[in-house]
Amino acid sequence: MSWLQKLNDTYVHCKGREPEGSQPLMPICHTTQLAQIEIVLDGEGRFRRAAVLDKEQATTLVPCTEKSGGRSGTKPENHPLSDKLQYMAADFQEFGGEVTSGFAKDPTSPHRYYLKSLSDWASAQPHPKLAAILAYVKGGTVMADLVRCGVLPADADTGKLLKIWSADKKLAPPIFKVLSPTQTPDDAFVRWRVEIDDDPDSTTWADESLLSSWATYYQASQTKRGYCMATGMDTTLATQHPAKLRHGGDKAKLISANDGAGFTYRGRFGSDEEALGVGFVATQQAHNALRWLIERQGYRNGDQIFVAWEPAGKPVPDPFLSTPDSFGGDADAWSFGGIDTDVGQAFAFRLKKAIAGYNAKLNPRDEVIVIGLDSATPGRMAITFYRELKGSEFLARVEAWHSRFAWPQNFGKDRKFTGAPAPRDIAEAAFGSRLDDTLRAATIERLLPCIVDGTPLPADLLRSTVRRASNRVGMEHWEWEKCLGIACALFKGSFTEGSYLMALEQERTSRDYLFGRLLAIAEDIESYALFAAGEKNRDTTAARLMQRFADRPASTWRTIEPALRPYIARLRATRPGALHKKEVLLDEVTCLFKPEDFLRDTPLSGEFLLGYHCQRQALRPPSDPASDAPTETTAN
């Protein structure tokens with residue numbers, strides 16, 4: 001139950017002290033609903049007006065019970081204040097309203113249950129707004145008033161509600177524009193305003209006195225007591241646990257024990273209380289904290305959610321994003337210039353500075369919690385990843401990940417940076433068009449321990465990414481550029497013993513690195529000749545044969561080198577100065593090979609991509625390191 005305890009502590013520390021720009025933490029015994037209609041009353045409970053709410057104004061905080069907070073169509077439970085028309089309106093059926101299937105046997109029961117809940121609350125915790133709403137609801141004219149003021153459309157002949165609008169959608173009544181495609185006007189959710197002369201706040205969803213009145217009343221009505229496994233105290237226990245963690249329509253629960261006939265707990269325990277007991281306040285606060293954290297800083301991948309946080313609300317870097325997104329600043333702030341810049345040193349300095357900023361706010365003994373959630377079915381959610389780390393340990397591991405897997409990345413025209421790619425981008429680079437939501441979620445889950453625990457990168461992900469980066473013919477140019485940068489980052493981070501730099505290493509004489517350099521030089525010579533001839537959109541021989549070159553470099557080089565001769569002859573006649581420098585560089589790299597290495601035709605490792613990428617970068621104009629245009633100068 002450690003995760004519940006940490007989330008409960010987070011709620012206690014952060015409630016009322018939320019960081020600037022954050023939404024407030026939700027009070028216990030409340031939930032949020034999307035309201036479509038707002039009814040305004042005066043202090044005596046008389047109807048004043050009503051309106052259809054825009055979708056931007058729809059999210060409303062409403063009091064709820066444990067049962068109503070997790071209700072469904074087959075097990076309906078009314079909220080005690082704001083709710084759907086079938087609960088609030090005594091005249092609901094008079095206007096053709098249809099109750100949900102759970103009330104089919106007794107269609108009038110929804111309103112009776114709602115009226116009883118509201119009456120019990122108003123008598124136990126008197127409040128002027130409650131008294132006004134109760135008086136109005138008892139009058140039984142909710143539907144009539146909404147139809148009279150034009151909020152609900154009714155048929156002119158029968159007086160019944162219009163369920164669908166088949167005419168021009170542009171002329172449809174406003175209520176049809178805010179309902180979902182599966183809803184009809186009798187499904188509308190209603191919230192209240194009560195305008196009292198000496199009260200400047202007419203809302204019911206932001207009135208602290210009203211909200212606290214419900215929380216006090218509902219907690220006093222709880223009777224089940226026992227040992228709370230989250231706090232270690234004897235207290236009122238929860239009978240149900242909140243849902244709506246990821247979004248307003250999320251029905252999946254982390255804790256659920258409503259199976260009294262199967263073997264959820266039977267065989268080991270006599271009752272669900274023996275299997276698990278969590279205090280009502282503890283579970284409400286913990287789930288509200290988790291919901292707040294997900295909305296504020298959660299990483300979302302479909303149904304999969306990951307969150308990293310410090311219980312007191314101190315800022316921590318997001319381990320699920322790329323380097324610029326984790327540590328702030330746009331991509332340009334993490335781009336460190338051309339070939340004359342020590343990219344590795346500049347990146348390390350910037351990363352140390354970013355980590356130092358978090359260290360200044362995060363005490364080494366502060367805890368950082370990382371949690372992953374996913375659901376296989378609509379009603380059940382599981383914790384797929386959970387770690388508790390000291391602040392210093394967490395920052396050290398995040399820094400190690402971004403340092404080890406840093407490489408110049410090219411994600412498009414406005415997205416070039418030096419740093420580690422995000423897990424989501426790694427999954428896309430590894431699997432390409434084969435990637436679906438299930439595979440993406442599984443891949444991200446496999447990468448998370450590499451970041452948080454410092455475990456080695458899965459070898460199959462590295463092989464797949466290197467293989468795709470070598471097969472550039474099968475991808476668009478922008479996609480290949482992105483895949484190439486990620487493949488280089490993964491290889492560099494996986495083989496730290498190689499001490500690879502993020503710049504051309506002219507002294508490195510390993511076979512794979514040198515073959516990568518040769519490929520880049522051959523591509524540069526041919527592309528330069530094509531560019532000079534006005535054929536810049538034509539693929540080079542080196543580009544077309546890159547996959548084959550990775551599998552059989554020596555024999556493929558004997559195909560690529562002769563193919564260069566017509567282009568060399570063309571450049572010798574038109575650009576002899578630039579050609580001479582390129583030929584000298586080609587000869588210099590060839591001479592660095594050991595004879596047996598140059599003739600060996602075994603497949604290349606991902607190291608050849610490092611040599612290729614660095615040599616290609618060194619051959620580009622210093623004034624524009626991101627340019628794809630060939631240059632007349634070379635780095636020697």
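Which element gives the most to the lining of the largest cavity? The answer is α10, with three residues. The model is a predicted one, in which local features need pLDDT of at least 70 and side-chain atom pairs count only at pLDDT 80 or more, while totals for chains, interfaces and linings use all residues. Residues are numbered from 1 along each chain as its sequence is written, and side-chain values use heavy atoms, with hydrogens and water left out.

**Empty space**

Rolling a probe the size of a water molecule over the atoms shows where empty space is left. On a 1 Å grid over the protein atoms alone, a cavity is a set of points where a 1.4 Å probe fits but cannot get out, whereas a pocket is an open set with protein on both sides within 12 Å along at least five of seven lines; lining residues have an atom within 4 Å of a point. A volume is the space filled by probe spheres set on the points, which are joined across faces, edges and corners.

The structure holds one cavity of 30 Å³ or more. Nearest the centre of the largest cavity lie Cys64, Gly69, Pro242, Ala243 and Gln284. Two or more residues of this lining come from each of β1, α2 and α10; helices (H or I, at least four residues) and strands (E, at least two) are DSSP runs, numbered from the N terminus.

In the largest pocket, the residues nearest the centre are Thr32, Gln33, Leu34, Thr59 and Thr60. Elements giving two or more residues to that lining include β1 (30–34), β4 (59–63) and α10 (280–297). The largest share, four residues, comes from α10.

The table sets out both spaces. Its classes count Ala, Val, Leu, Ile, Met, Phe, Trp, Tyr, Cys and Pro as nonpolar, Asp, Glu, Lys and Arg as charged, and the others, Gly among them, as polar.

| Space | Volume | Lining | Classes of lining residues |
|---|---|---|---|
| Largest cavity | about 140 Å³ | 16 residues | four nonpolar, nine polar, three charged |

**Aromatic contacts**

A search of the whole structure finds 24 aromatic pairs. Rings of Phe, Tyr and Trp (its six-membered ring) pair if their centres lie within 6.5 Å; planes under 30 degrees apart count as stacked, over 60 as edge-to-face and the rest as tilted. Phe327 and Tyr358 form an edge-to-face pair, because their ring planes stand at 70°, with the centres 6.2 Å apart. This pair links distant parts of the chain, with Phe327 in helix α11 and Tyr358 in helix α12, 31 residues apart. Phe327 is buried at 10% relative accessibility, and Tyr358 is buried at 16% (buried means under 20% relative accessible area, exposed over 50%, partly exposed in between, with a 1.4 Å probe and protein chains only).

Ring pairs also link Trp121, Trp214, Tyr217, Tyr218 and Phe280 into a cluster.

Strands β2 and β6 run parallel and are joined by six bridges.

Definitions and conventions. Pairing = 2+ DSSP bridges.
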